[in-house]
Amino acid sequence: MSSLSYAVIFIPAFTKSARFQNDLVRRLSGIPLIQRAIDKAHLIGVPKSNIHLLTDSEEVALFAIRSNTGVFVGPTLSWERANRSSDYYRYVSKAEQQSKTTILLSPYAPLLAPETVKKAIDFFLENKHQVLR
């Protein structure tokens with residue numbers, strides 16, 4: 001079984017902390033930035049059930065739903081607001097239960113190839129790193 005079968009990918013898509021209004025749904029060569037990130041996550045090779053979009057926007061969440069991707073929507077969602085009693089924290093913890101590796105895939109790196117991400121993950125796992133920078 002591939003090491004990627006034990007990985008979970010989270011795509012953080014917080015619109016309230018975006019630099020430009022609606023940047024996640026703006027099109028780059030005809031494809032919205034958030035859709036590019038979701039497509040890339042699917043191409044990396046983790047099971048579909050292990051790909052999750054975390055967002056504060058119903059509009060952005062629709063991209064995940066249309067792509068059969070897990071999604072957590074919270075109108076006040078942000079990295080800073082996660083606490084052990086929140087639904088957000090429980091969602092992420094549950095998604096990570098079967099995972100050996102957690103990957104945060106930024107929608108702001110549209111030119112990063114899936115193969116590059118796969119190589120980084122392999123390097124990370126082979127060298128038993130705790131954090132890949």
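The questions and answers below take up the terms one by one.

Residues are numbered from 1 along each chain as its sequence is written. This is a predicted model, in which local features need pLDDT of at least 70 and side-chain atom pairs count only at pLDDT 80 or more, while totals for chains, interfaces and linings use all residues; side-chain values use heavy atoms, with hydrogens and water left out.

Q: What makes up the secondary structure of the protein chain?
A: The protein chain has 4 helices and 6 strands. Helices (H or I, at least four residues) and strands (E, at least two) are DSSP runs, numbered from the N terminus. Along the sequence the pattern reads β-β-β-α-β-α-β-α-β-α.

Q: Why is F72 called buried?
A: The relative accessible area of F72 is 17%. Buried means under 20%, exposed over 50% and partly exposed in between (1.4 Å probe, protein chains only), so F72, at 17%, counts as buried. In the protein chain of 133 residues, buried residues make up 39%.

Q: Why does Y91 count as partly exposed?
A: Y91 has 22% relative accessibility, a value in the partly exposed range, and therefore receives that term.

Q: What makes the pair of F72 and Y88 tilted?
A: Rings of Phe, Tyr and Trp (its six-membered ring) pair if their centres lie within 6.5 Å; planes under 30 degrees apart count as stacked, over 60 as edge-to-face and the rest as tilted. The ring centres of F72 and Y88 are 5.8 Å apart and the planes stand at 35 degrees, so this pair is tilted. F72 lies in strand β5 (residues 70–73) and Y88 in helix α3 (residues 87–96), 16 residues apart.

Q: Which term describes the aromatic pair of F72 and Y91?
A: This pair is also tilted, with 5.4 Å from centre to centre and 45 degrees between the planes. It links strand β5 to helix α3, the two residues being 19 residues apart. The count comes to 2 aromatic pairs, and ring pairs link F72, Y88 and Y91 into a cluster.

Q: How do you know that the charged end of R66 sits over the ring of F63?
A: The term requires NZ of Lys or CZ of Arg within 6 Å of the ring centre and within 35 degrees of the ring normal. The charged end of R66 is 5.9 Å from the centre of the F63 ring and sits over that ring.

Q: Which residues bring α1 and α2 into contact?
A: Contact means heavy atoms within 4.5 Å. I34, Q35 and I38 in α1 meet V60, F63 and A64 in α2. Helix α1 (residues 33–44) and helix α2 (residues 58–66) pack at about 35 degrees, with axes 10 Å apart. Those axes are lines fitted to C-alpha atoms over the stretch in contact, and angles run from 0 to 180 degrees between N-to-C directions.

Q: Why is H129 called partly exposed?
A: The relative accessible area of H129 is 34%, so this residue is partly exposed. H129 lies in the segment after α4 (114–126). Leaving aside neighbours within four places in sequence, H129 is in contact with F123 and F124.

Q: Why is S29 termed exposed?
A: S29 has a relative accessible area of 71% and is therefore exposed. S29 is placed in the loop between β2 (27–28) and β3 (31–32). Phi of S29 is near 55 degrees, a positive value in a residue other than glycine.
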